[in-house]
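Here is a short briefing for a first look. Please keep the sequence and the 3D view open while reading.

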2 protein chains.
Amino acid sequence: MGEQPSIELLPKQHQLLEQLVLAGQELSGQDLHARLRGTPLAMGLATVYRHLRQLQQQGLVRCRHLPSGEALFAPTERDEHHLTCVDCGRTQPLTACPIHDAHLSPEQIGGFQLLFHTLEFFGLCSDCQGRQDQD
Amino acid sequence: MGEQPSIELLPKQHQLLEQLVLAGQELSGQDLHARLRGTPLAMGLATVYRHLRQLQQQGLVRCRHLPSGEALFAPTERDEHHLTCVDCGRTQPLTACPIHDAHLSPEQIGGFQLLFHTLEFFGLCSDCQGRQDQD
DNA sequence: ATAAGAGTGAGTATCATTCTCATTCTGTCG
DNA sequence: CGACAGAATGAGAATGATACTCACTCTTAT
Ligand SMILES: [Mn+2]
Ligand SMILES: [Mn+2]
Ligand SMILES: [Zn+2]
Ligand SMILES: [Zn+2]
């Protein structure tokens, strides 16, 4: 825990990571691109996605996919997960990660160097439970 | 654990669920559509995706997204997760779910009725660790 | 100065998924 | 039995996020 490969981080990669940290919430590639437009930090969409992929490969960023297919990115240092309604899409963050640094046996890990995980819970929110059979 | 809402299951929905169970592995919407083509159980892509969404809303099916954006579906009864290499994409199943029926406080659940979860680990496989700085 | 290599981004291509909407199926009622 | 309402279906078009191309610009080393 606590990688510090700040070496080898391109300026634009550093920018993207910083934006994600500052935002305090998950952002899509499109979001990041839009946020930087007009600023001296602006960069093309291709560069945004290219660097987001590389940041993931370094374990600095992870992403989850919405049902819409859109991917939301966050710094791995922010170990946050969500509970999402399969009906209305309402989402709420969990206040703690249920697996901390889970105990995966070396056998399960099979030589991999673990970088991060994604964990999402799905269910019906109270509103949609009511609307269950009618509607 | 052990829902039995076999009531309210359309024939084609039942078919899709059965295919997923029989397959023993995750299948994409395209996979399912292709598998059924030519058989008397064939159905259009729109119907496949429509019913997959409804099966998810009933908590019978869950899905995860590959980096490619493709979604893979599985029956929720099969509580299996994966460890994927962020570099080469190689993937291996975990032999057990690290969160079983995790202990989420009612406070965290906030009125939701939990249906299923997705959990994926990412890292570097042994091969790609070697290729680390070169390449 | 020159050259090799890395980084960039506007535009285009891709392709899984969703949307449209005309058609077919199913069950009900007079 | 027709006639009709509503649900289900699927071919084809639309969508939209992401990946790819490739010419151009920087950077760095000789
Ligand atoms: Mn976590
Ligand atoms: Mn599990
Ligand atoms: Zn809801
Ligand atoms: Zn690998």
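Ser68(B) sits in the loop between strand 2 (61-65) and strand 3 (71-75) of chain B. Helices (H or I, at least four residues) and strands (E, at least two) are DSSP runs, numbered from the N terminus. This is a predicted model, in which local features need pLDDT of at least 70, side-chain atom pairs count only at pLDDT 80 or more, and totals for chains, interfaces and linings use all residues. Residues are numbered from 1 along each chain as its sequence is written, chains are lettered from A and ligands numbered from 1 in the order in which they are written, and side-chain values use heavy atoms, with hydrogens and water left out.

- Ser68(B) is exposed, with a relative accessible area of 58%. Buried means under 20% relative accessible area, exposed over 50%, and partly exposed in between (1.4 Å probe, protein chains only).
- Ser68(B) and Gly44(B) are 24 residues apart along the chain, and 23 Å separates their C-alpha atoms.

**DNA strand C**

- DNA strand C is surrounded by 14 residues; the closest are Thr47(A), Arg50(A), His51(A), Tyr49(B) and Ala71(B). A residue is near a strand if one of its heavy atoms lies within 4 Å of it.
- Of the atoms of DNA strand C that come within 4 Å of the protein, 63% belong to sugar and phosphate.
- A polar side-chain atom of Thr47(A) is 2.8 Å from a phosphate oxygen of DNA strand C.
- Ala71(B) places a backbone N or O atom 2.9 Å from a phosphate oxygen of DNA strand C.
- Arg50(A) reaches a base: an N or O atom of its side chain is 2.9 Å from a base nitrogen of DNA strand C.
- Two elements give two or more residues to the surface near DNA strand C: helix 3 (45-57) of chain A and helix 3 (45-57) of chain B.
- Helix 3 of chain A provides the largest share of this surface, four residues.
- By class, the surface near DNA strand C has seven nonpolar, four polar and three charged residues. Ala, Val, Leu, Ile, Met, Phe, Trp, Tyr, Cys and Pro count as nonpolar, Asp, Glu, Lys and Arg as charged, and the others, Gly among them, as polar.

**Manganese site in chain A**

- Asp79(A) (OD), His81(A) (NE2), Cys97(A) (SG) and His117(A) (NE2) coordinate the manganese ion (ligand 1) at 2.0 to 2.3 Å. Donors are N, O and S atoms within 2.8 Å of the metal (3.2 Å for Na, K and Ca); water is not among the atoms, so sites may look incomplete.
- The spacing of these donor residues in sequence is D-x1-H-x15-C-x19-H.
- Asp79(A) is partly exposed at 35% relative accessible area, whereas His81(A) is buried at 1%.

**Zinc site in chain B**

- The zinc ion (ligand 4) is held at 2.2 to 2.3 Å by the SG atoms of Cys85(B), Cys88(B), Cys125(B) and Cys128(B).
- In sequence, these donors are spaced C-x2-C-x36-C-x2-C.
- Cys88(B) lies in the loop between strand 4 (82-85) and strand 5 (91-93) of chain B and Cys128(B) in helix 5 (residues 126-130), so the pair ties together parts 40 residues apart in sequence.
- Cys88(B) is partly exposed at 42% relative accessibility, whereas Cys128(B) is buried at 1%.

- Cys63(A) is buried, with a relative accessible area of 15%.

Methods
Polar contact = N/O pair within 3.5 Å; in protein donor to acceptor, adjacent residues only side chain to side chain.
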